[in-house]
Amino acid sequence: MNQTEQIDLLEQNMMRFNKGDAKRIQHFMKVHRFAQLIGHMEKLDAHTQFITECAALVHDIGIRPAEKQYGACDGKLQEKVGPAYAREMLEEMQFEKADIDRICYLVAHHHTYQNIDGVDYQILVEADFLVNAYEDALNKDAIQTVYDKIFRTEAGKTLCRLSHLEG
């Protein structure tokens with residue numbers, strides 16, 4: 001199975017995981033597309049692009065389990081609960097161990113904005129913010145603050161300006 005087929009299958013598995021929850025499905029699909037586009041614009045190598053896209057698809061896998069277990073799903077609970085569910089899904093799909101480890105690391109840190117240690121992590125944070133800014137109806141001042149403090153890729157900055165700050 002090639003990487004495109006793996007990504008498509010992972011997306012379908014995430015839809016099954018979130019069945020009946022159109023809001024969450026729409027969210028991870030939008031984050032995936034922004035991450036994919038930023039990666040292409042930044043000219044990532046194929047492996048980093050693959051990891052970035054997979055992480056974008058599973059980044060919020062901890063929401064439902066956190067709600068069930070804790071009655072809440074804030075970012076820290078998502079980071080705590082999500083990696084085990086991501087690992088299980090990726091292992092069932094027979095992903096490489098090193099890829100599973102990195103994707104799970106990204107799931108465990110996608111709401112942590114300090115010590116971003118790779119372009120895959122940076123792009124995931126930026127893509128998630130681009131979608132959350134719209135879905136949460138953030139005002140331009142809040143968006144500008146995040147833009148100034150967190151955005152690092154030229155592609156992410158461009159998409160943020162086009163989506164939220166210009167016009």
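Is Tyr-121 buried or exposed? In this predicted model, Tyr-121 is buried, because its relative accessibility is 1%. This report looks at the nonpolar core, the aromatic pairs and the cysteines.

**The core**

The largest nonpolar core has 45 residues, and the members that touch the most others are Leu-10, Phe-95 and Ile-103. Several helices give two or more residues to this core, among them helix 1 (3-17), helix 2 (22-41), helix 3 (46-58) and helix 5 (75-92). Helix 7 supplies the largest share, 9 residues.

Phe-95 has a relative accessible area of 7%, under the 20% limit, and is therefore buried. Setting aside neighbours within four places in sequence, Phe-95 is in contact with Gln-6, Leu-10, Phe-50, Cys-54, Leu-90, Ile-100 and Ile-103. Two of these, Leu-10 and Ile-103, were named above with Phe-95 as touching the most other core members.

**Aromatic pairs**

A pair of aromatic rings is described by the distance of the centres and the angle of the planes. The structure holds 5 aromatic pairs. In one of them, the rings of Phe-50 and Phe-95 have centres 5.6 Å apart and planes at 20°, so this pair is stacked. Phe-50 belongs to helix 3, while Phe-95 sits in the loop between helix 5 and helix 6, so the pair ties together parts that are 45 residues apart in sequence. Phe-50 is buried, at 3% relative accessibility.

Tyr-105 and Tyr-121 form an edge-to-face pair, with 6.1 Å from centre to centre and 85° between the planes. This pair links helix 6, which holds Tyr-105, to helix 7, which holds Tyr-121, across 16 residues. Tyr-121 is buried, whereas Tyr-105 is partly exposed at 27% relative accessibility. Elsewhere, ring pairs join Phe-129, Tyr-147 and Phe-151 into a cluster.

**Cysteines**

A disulfide is a covalent bond between the sulfur atoms of two cysteines. How many disulfides does the structure hold? There are 0.

| Cysteine | Nearest cysteine sulfur | Distance |
|---|---|---|
| Cys-73 | Cys-104 | 19 Å |
| Cys-104 | Cys-54 | 11 Å |

Note on methods: Residues are numbered from 1 along each chain as its sequence is written. This is a predicted model: local features need pLDDT of at least 70, side-chain atom pairs count only at pLDDT 80 or more; totals for chains, interfaces and linings use all residues. Side-chain values use heavy atoms; hydrogens and water are left out. A nonpolar core is a set of buried Ala, Val, Leu, Ile, Met, Phe, Trp, Tyr and Cys residues joined through side-chain atoms within 4.5 Å. Buried means under 20% relative accessible area, exposed over 50%, partly exposed in between (1.4 Å probe, protein chains only). Helices (H or I, at least four residues) and strands (E, at least two) are DSSP runs, numbered from the N terminus. Contact means heavy atoms within 4.5 Å. A disulfide is a pair of cysteine sulfur atoms within 2.5 Å. Rings of Phe, Tyr and Trp (its six-membered ring) pair if their centres lie within 6.5 Å; planes under 30 degrees apart count as stacked, over 60 as edge-to-face and the rest as tilted.
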